[in-house]
Amino acid sequence: MGAGRVYKMNDIVSDYDGKTYQFPDFEGYFDLSCDDMAERLLSLNDIMPDEHGLYGLSIPKKMTVLLASGHTYNGLEWLCDEWTTPKIAEENIRDGKNQQRKLKLLSNDRYEVDHAGFQGDLVLGRFSIHPETGELVGSPFCEQHAASIRRYGSHPFGEYVRLVYTGRNRNGVLNHGVLLSRAYYNPKWPCDEYDYGTDRENTLSVLALLIRNGLPKDTRLLLSACRQTFMYHEIS
């Protein structure tokens with residue numbers, strides 16, 4: 001699978017704004033090699049963290065309203081949901097209960113609430129990354145990518161790689177993280193076709209940024225996932 005192949009485009013009506021968008025009917029896999037990823041990771045080695053502890057990623061100014069007042073932050077945390085302590089998470093996994101995972105911007109000033117969890121972190125369900133600038137857009141609310149991008153983003157919707165980090169434990173199987181991404185399709189003209197090469201390049205760049213920011217080694221990647229894949233993972 002690669003460049004040069006013509007992909008069927010599907011019309012999808014957005015639940016968010018009712019508009020019709022086109023996305024490629026992508027069935028297959030990316031030919032991502034270890035050498036490709038190593039090259040991109042090497043280019044990030046000299047990057048210094050920003051004021052939020054992020055490497056090569058940045059929070060747009062519009063999103064600062066979501067940060068806890070007076071708190072400082074120290075990078076991303078890829079853990080359980082906001083109200084679950086590590087001890088409770090271990091018990092849930094041992095008992096075979098579903099255990100959601102979420103992405104957090106970790107607060108240095110987080111505080112415990114009734115011994116049941118912490119507040120102060122910025123929890124992101126869905127999130128989007130602008131591959132050229134590293135802008136990270138997300139929201140603690142269960143809203144569509146388009147809503148977060150329109151509300152907080154600095155670039156057009158089509159320029160972002162859209163992702164979800166999740167994970168489940170079923171039937172006693174050890175919980176693991178799952179990173180899903182939507183196919184990158186950013187047409188400049190109505191007649192433009194899906195470009196596999198651009199999708200692959202942006203996927204590599206974004207994955208390298210996430211690995212540099214602590215993406216767990218046990219994460220399973222589902223790249224250019226279709227709507228049915230999102231639904232299987234209980235993401236509507």
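Which residue in S10 is the bridge partner of Phe 127? The legends below take up this and other close-ups of a predicted model.

**View 1. Strand S10 pairs with strand S8.** In S10, Leu 163 is the bridge partner of Phe 127. Another pair joins Ser 128 to Arg 162 of S10. Strand S8 covers residues 126–129, and S10 covers residues 161–166. The two strands run in the antiparallel sense and share four bridges. Strands of a sheet pair through backbone hydrogen bonds, either parallel or antiparallel.

**View 2. Strand S10 pairs with strand S11.** S11 spans residues 178–181. S10 and S11 also pair in the antiparallel sense, over four bridges. Val 164 stands opposite Leu 180 of S11.

**View 3. Strand S10 is mostly covered.** Six of the six residues in S10 are buried. Val 161, Leu 163 and Tyr 165 point one way from the strand. Arg 162, Val 164 and Thr 166 point the other way. Both sets are buried.

**View 4. Five strands form an open sheet.** The strand order is S9-S8-S10-S11-S12, and the pairing is mixed. S9 and S12 are the edge strands, each pairing on one side only. S12 takes in residues 220–222. From one strand to the next, the twist averages 25 degrees.

View 5. Six of the eight residues of H3 are buried, so the helix is largely enclosed by the rest of the structure. The buried residues are His 145, Ala 146, Ala 147, Ser 148, Ile 149 and Tyr 152. They pack against S8, S9 and S10.

**View 6. Ser 139 sits in a loop.** The loop lies between strand S9 (136–138) and helix H3 (145–152). Is Ser 139 buried or exposed? Ser 139 has a relative accessible area of 1%, so it counts as buried. Leaving out residues up to four places away in sequence, Ser 139 touches Leu 66, Val 123, Leu 124, Gly 125, Arg 126, Ser 148 and Tyr 152. Two of these names, Ser 148 and Tyr 152, return from the list of buried residues in H3.

**View 7. Helix H1 crosses helix H4.** H1 covers residues 34–43, and H4 covers residues 196–212. Their axes come within 9 Å and cross at roughly 60 degrees. H1 is therefore oblique to H4. The crossing is right-handed. Two packed helices are described by the angle between their axes and the distance between the axes.

**View 8. Side by side, the residues of H1 and H4 make contact.** H1 brings Asp 36, Met 37, Arg 40 and Leu 41. They meet Arg 200, Glu 201, Leu 204, Ser 205, Leu 207, Ala 208, Ile 211 and Arg 212 in H4. The residues of this contact divide into six nonpolar, one polar and five charged. An α-helix has 3.6 residues a turn, so residues three or four places apart point the same way.

**View 9. Thr 198 belongs to helix H4.** Its place is in that helix. How accessible is Thr 198, and what does Thr 198 count as? Its relative accessibility is 32%, so Thr 198 counts as partly exposed. Thr 198 and Tyr 185 are 13 residues apart in sequence. In space they are 8.5 Å apart, C-alpha to C-alpha.

Key: Residues numbered from 1 in each chain as written. Predicted model: local features only at pLDDT ≥ 70, side-chain atom pairs only at ≥ 80, totals over all residues. Heavy atoms only, no water. Axes fitted to C-alpha atoms, helices over the stretch in contact; angles between N-to-C directions. Parallel < 35°, antiparallel > 145°, perpendicular 65-115°, else oblique. Left-handed = near helix turned anticlockwise from the far one by under 90°. Contact = heavy atoms within 4.5 Å. Nonpolar A, V, L, I, M, F, W, Y, C, P; charged D, E, K, R; others polar. Buried < 20%, exposed > 50% of the residue type's maximum accessible area, 1.4 Å probe, protein only. Pairing = 2+ DSSP bridges.
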